[in-house]
Amino acid sequence: MLYPMETASRVVLDLSGVWRFMIDKEQIPVDVTRPLPATLSMAVPASFNDQTASKEIREHVGYVWYERCFEMPQLLRQERLVLRFGSATHEAWVYLNGHLITHHKGGFTPFEVEINDDLVTGENRLTVKLSNMLDYTTLPVGHYKETQNETGQRVRQLDENFDFFNYAGLQRPVKIYSTPHSYIRDITLTPKVNLTNHSAVVNGEIETVGDVEQVVVTILDEDNQVVGTTSGKTLAIELNSVHLWQPGKAYLYRAKVELYQAGQVIDTYIETFGIRQIAVKAGKFLINGQPFYFKGFGKHEDAYIHGRGLSEPQNVLDLSLMKQMGANSFRTSHYPYSEEMMRLCDREGIVVIDEVPAVGLMLSFTFDVSALEKDDFEDDTWEKLRTAEAHRQAITEMIDRDKNHASVVMWSISNEAANFSKGAYEYFKPLFDLARKLDPQQRPCTSTSIMMTTLKTDRCLALADVIALNRYYGWYMGNGDLKAAETATREELLAYQAKFPDKPIMYTEYGADTIAGLHSNYDEPFSEEFQEDYYRMCSRVFDEVTNFVGEQLWNFADFQTKFGIQRVQGNKKGIFTRAREPKMVVRYLTQRWRNIPDFN
Ligand code: GCB
């Protein structure tokens with residue numbers, strides 16, 4: 001799916017700004033043929049939750065409505081016009097001038113619809129109904145319940161089966177873009193590098209719609225010089241002396257695709273891409289043939305006021321802070337991030353593990369690993385969950401959206417699912433197969449494992465190209481005892497390495513809740529001293545394990561969660577506060593990461 005972009009043949013109109021908003025009290029049906037009786041203002045893109053002083057709005061479970069009007073410039077009316085949502089969380093019904101024009105479920109991927117037939121001259125009224133409800137059929141997974149209040153009215157309740165606030169709304173840009181009626185629908189690029197002679201072949205497919213006489217593809221380098229050209233919808237353009245996209249040293253080419261009719265260019269799209277090679281071999285994660293070491297983070301899209309909404313200044317700052325520390329990567333825990341962030345990572349040379357919103361696929365919880373080690377251990381996760389269809393859709397839409405990004409080096413198919421329970425392999429095998437079938441660049445796939453999913457209990461290890469562990473020894477297990485944590489960390493990593501000598505191993509989460517400004521002479525948990533000791537302990541062990549290919553700590557910054565006795569206005573495992581002020585440990589990690597090269 002192409003990102004909306006202005007070119008010689010395309011115009012983009014941005015519908016960001018202040019919309020009208022209301023929560024649906026479900027007392028009288030909303031009449032979409034008339035303007036909404038909505039009196040509140042709500043900025044788009046952003047989550048709705050933190051934009052008002054109302055607790056009712058912040059904690060609302062159910063439906064909300066957004067509306068705004070726009071006029072379509074007459075000079076564009078002859079073009080094909082497409083309304084596009086960067087995301088609408090979690091389910092959307094879109095009406096234009098009172099007609100339902102599209103519906104989409106899944107809160108973290110874009111969708112679009114042609115609007116020519118529903119546009120009117122003068123003012124157009126765009127209305128969006130959103131649901132923020134989650135259940136056993138959706139990603140992420142929520143425990144959903146309906147009860148009745150004293151007056152017999154339905155009360156919807158949602159208990160998120162995950163550790164982040166259920167922000168919702170029109171969280172990413174809403175745009176209208178134009179194309180001609182015959183147009184470029186999609187571009188798929190699969191550059192193949194020859195590392196020995198520094199050449200590459202840019203393979204690809206151009207998908208078009210309508211009457212097309214010819215398609216011409218031109219590759220431009222960063223100096224705007226033409227380095228290759230071809231005609232036809234299938235390309236294989238050879239490039240010599242190629243500039244590789246490298247972590248921290250991004251080099252981006254542009255593929256200018258032109259569609260001809262009667263000797264004239266009628267549609268142009270410019271796709272930016274990088275040339276690099278990803279491989280997993282003999283326990284190493286190779287980027288451009290060299291063993292790469294991941295230094296970085298699990299993150300969230302989470303900010304004051306914006307909630308999970310796109311904040312480009314915050315994205316720019318986050319990557320700058322990462323680079324300053326010598327970090328080189330992050331995982332889009334626990335959902336695909338905005339397209340704007342992915343483009344920025346391409347530009348900045350930040351390496352990304354791209355994750356679907358598959359979080360909460362675990363319906364029981366115990367730290368008693370011995371119970372889980374029984375061959376036939378089965379909880380009710382795979383019997384009760386009905387998420388397979390949503391999961392297939394999420395994988396399909398994520399890969400469709402992100403397939404050309406040089407920054408994306410691996411897909412994460414789930415976070416902390418009940419891999420220890422019978423039925424897990426049968427659930428996941430088709431999903432890993434699907435990701436591998438869909439990805440034209442054949443990136444490695446992984447899924448991150450929770451502490452109870454061990455070498456003995458994990459039924460899905462054979463599926464993952466990289467072993468990705470989320471571990472909290474010294475925090476959730478043996479809180480405060482870093483000596484025991486060190487032993488457990490070491491023993492477990494060495495055991496994985498011995499059993500799977502060809503699979504790279506990395507930590508995709510490890511951390512300790514830390515209240516900024518809390519200090520202790522006794523290095524107690526929650527103090528800044530403890531956080532630093534914890535990370536020093538982990539680093540010591542990591543450095544001993546040959547096949548250990550990366551450390552992505554939890555979390556880049558403090559973030560908002562649902563209520564819970566372990567959460568004080570959110571999760572405090574950030575090494576930065578939510579406002580991006582450093583905790584003490586940032587100095588230690590900066591010094592460590594600046595001294596670990598990206599490649600070893
Ligand atoms: C995890 C989850 C993450 C939580 C984290 C924690 O394992 O993947 O979503 O926020 O632990 O801090 O408990």
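**Backbone features, domains and ligand shell of the predicted model**

Asparagine 288 lies in the loop that joins strand E21 (284-287) to strand E22 (290-291). In this predicted model, the phi angle of asparagine 288 is near 55°, a positive value in a residue other than glycine. Most residues other than glycine have a negative phi, and most peptide bonds are trans.

Two cis peptide bonds were also examined. One runs from leucine 139 to proline 140, with omega near -5°. Proline 140 has its place in the loop between strand E9 (123-131) and strand E10 (142-148). Another cis peptide bond links serine 333 to histidine 334, again with omega near -5°. Histidine 334 is found in the loop between strand E24 (329-331) and helix H3 (339-348).

Histidine 334 also belongs to the surroundings of the ligand, together with Asp163, Asn415, Glu416, Ile450, Asn470, Glu509, Trp554, Asn571 and Lys573. By class, this shell has two nonpolar, four polar and four charged residues.

The domain assignment of the protein chain gives domain 1, residues 12-179, and domain 2, residues 183-273. The C-alpha centres of domain 1 and domain 2 are 36 Å apart. An unreviewed UniProt entry carries the annotation "domain: Glycosyl hydrolases family 2 sugar binding" for residues 14-180. Over residues 14-180 the chain is 2% helix and 44% strand, and the end C-alpha atoms are separated by 19 Å.

A further annotation in the unreviewed UniProt entry, "domain: Glycoside hydrolase family 2 catalytic", covers residues 278-596. Here the chain is 33% helix and 16% strand, with 20 Å between the end C-alpha atoms of residues 278-596.

The packing of two helices, H9 and H10, was then considered. Two packed helices are described by the angle between their axes and the distance between the axes. Helix H9 spans residues 528-542 and helix H10 spans residues 585-594; the two pack at an angle of about 20°, and their axes are 9 Å apart. Angles under 35 degrees count as roughly parallel, and H9 and H10 are therefore roughly parallel to each other. On the H9 side, the contact involves Glu528, Gln531, Glu532, Tyr535, Arg536 and Ser539. These residues meet Val585, Tyr588, Leu589 and Arg592 in H10. The residues of the contact of H9 with H10 divide into four nonpolar, two polar and four charged.

Notes: Residues are numbered from 1 along each chain as its sequence is written. This is a predicted model: local features need pLDDT of at least 70, side-chain atom pairs count only at pLDDT 80 or more; totals for chains, interfaces and linings use all residues. Domain bounds come from an automatic or database domain assignment. Axes are lines fitted to C-alpha atoms, for helices over the stretch in contact, and angles run from 0 to 180 degrees between N-to-C directions. Helices (H or I, at least four residues) and strands (E, at least two) are DSSP runs, numbered from the N terminus. Angles under 35 degrees count as roughly parallel, over 145 as roughly antiparallel, 65 to 115 as roughly perpendicular and the rest as oblique. Two residues are in contact if their C-beta atoms, placed from the backbone, lie within 7 Å. Ala, Val, Leu, Ile, Met, Phe, Trp, Tyr, Cys and Pro count as nonpolar, Asp, Glu, Lys and Arg as charged, and the others, Gly among them, as polar. A residue is near a molecule or strand if its C-beta atom, placed from the backbone, lies within 6 Å of it. UniProt positions are given in the numbering used here, feature names are shortened, and annotations may be inferred rather than shown by experiment.
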